[in-house]
Amino acid sequence: FNKYRSYLSIVFSELVEWEAIESNIIRDISKRKQVKNIREVLTKDQRNQVVKHLKRFHPEFHTFTQIFFHSGVRITELLSVKAEHVNLKEQKYKVLVKKGVNYEWKECVIKDVALPFWNKAVFGARKDDYIFSTRLVPGIKKLGYNAIRLRWKRNVKVMLGITADFYSLKHLNLDETTELLSLEDAARMANHKGTKMV
């Protein structure tokens with residue numbers, strides 16, 4: 001409800017700006033209260049089980065999963081990375097962070113542990129190719145979030161009986177980063193402005 005309300009408010013604001021209507025009536029509709037559940041996170045044993053399974057049966061998804069786990073970025077941001085955004089020599093890549101009103105390019109670090117996966121992912125990619133296109137190999141087609149969600153559902157939830165969603169990998173990695181370094185480092189890795197979200 002609140003998501004639809006928010007989208008409608010954006011449309012009505014635009015209509016007011018173009019003087020197609022006189023007021024944004026959506027602002028008068030109250031938001032509904034929501035109960036946020038605690039996200040289920042994979043245990044270390046489950047993560048190891050997932051890694052072994054994907055490595056054996058779905059190597060491209062395994063590569064994507066490992067890169068995502070060590071990146072701290074959102075799924076859609078990682079799916080938008082093109083070969084031209086990756087600098088393996090300097091172990092950096094750029095993502096377009098679409099938060100709030102302003103979109104911003106951010107430079108991210110490729111961890112040493114993730115470098116072999118990045119090398120595998122960009123192998124054979126042309127400059128303008130998305131790193132993770134159809135079949136999660138370089139190509140011209142940009143995949144959407146659902147491509148990952150469905151792969152996770154089919155290959156992990158159904159096959160292994162694990163109930164945690166794919167995005168829980170990001171939370172697990174941020175927990176590990178916090179343990180090893182600090183909340184501030186985890187927040188920086190996830191492109192958060194503060195530590196509250198972490």
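In the predicted model, Val95 has Lys106 of strand 3 as its bridge partner. This bridge belongs to the pairing of strand 2, residues 92-98, with strand 3, residues 103-109. The two strands run in the antiparallel sense and are joined over 7 bridges. Together strand 2 and strand 3 form a hairpin, with 4 residues between them. Gly100 lies in the turn of this hairpin and has a positive phi of about 70°.

Salt bridges were examined next. Side chains of opposite charge can pair when their charged atoms come close. The whole structure contains 5 salt bridges. One of them joins the side chains of Lys92 and Glu107, with an N to O distance of 3.6 Å. This pair connects distant parts of the chain, since Lys92 lies in strand 2 and Glu107 lies in strand 3, 15 residues apart. Lys92 has a relative accessibility of 27% and therefore counts as partly exposed. Glu107, at 55% relative accessibility, counts as exposed, because the exposed class begins over 50%.

Lys106 is partly exposed, with a relative accessible area of 26%. Glu104 is likewise classed as partly exposed, with a relative accessible area of 38%.

A further salt bridge is formed by Arg126 and Asp129, whose closest N and O atoms are 3.4 Å apart. The two residues fall into separate accessibility classes: Arg126 is exposed, with a relative accessible area of 56%, whereas Asp129 is buried, with a relative accessible area of 4%. Asp129 is placed in the buried class because its value of 4% is under the limit of 20%.

Arg5 was considered separately. This residue lies in helix 1, which covers residues 2-17. Arg5 has a relative accessibility of 15% and so counts as buried, the limit for this class being under 20%. When residues up to four places away in sequence are not counted, Arg5 touches Ile26, Arg27, Ile29, Ser30 and Lys31. Between Arg5 and Ala164 the C-alpha to C-alpha distance is 28 Å, and the two residues are 159 residues apart in sequence.

Key: Residues are numbered from 1 along each chain as its sequence is written. This is a predicted model: local features need pLDDT of at least 70, side-chain atom pairs count only at pLDDT 80 or more; totals for chains, interfaces and linings use all residues. Side-chain values use heavy atoms; hydrogens and water are left out. Buried means under 20% relative accessible area, exposed over 50%, partly exposed in between (1.4 Å probe, protein chains only). Contact means heavy atoms within 4.5 Å. Two strands pair if DSSP finds at least two bridges between them. A salt bridge is a side-chain nitrogen of Lys or Arg within 4 Å of a carboxyl oxygen of Asp or Glu.
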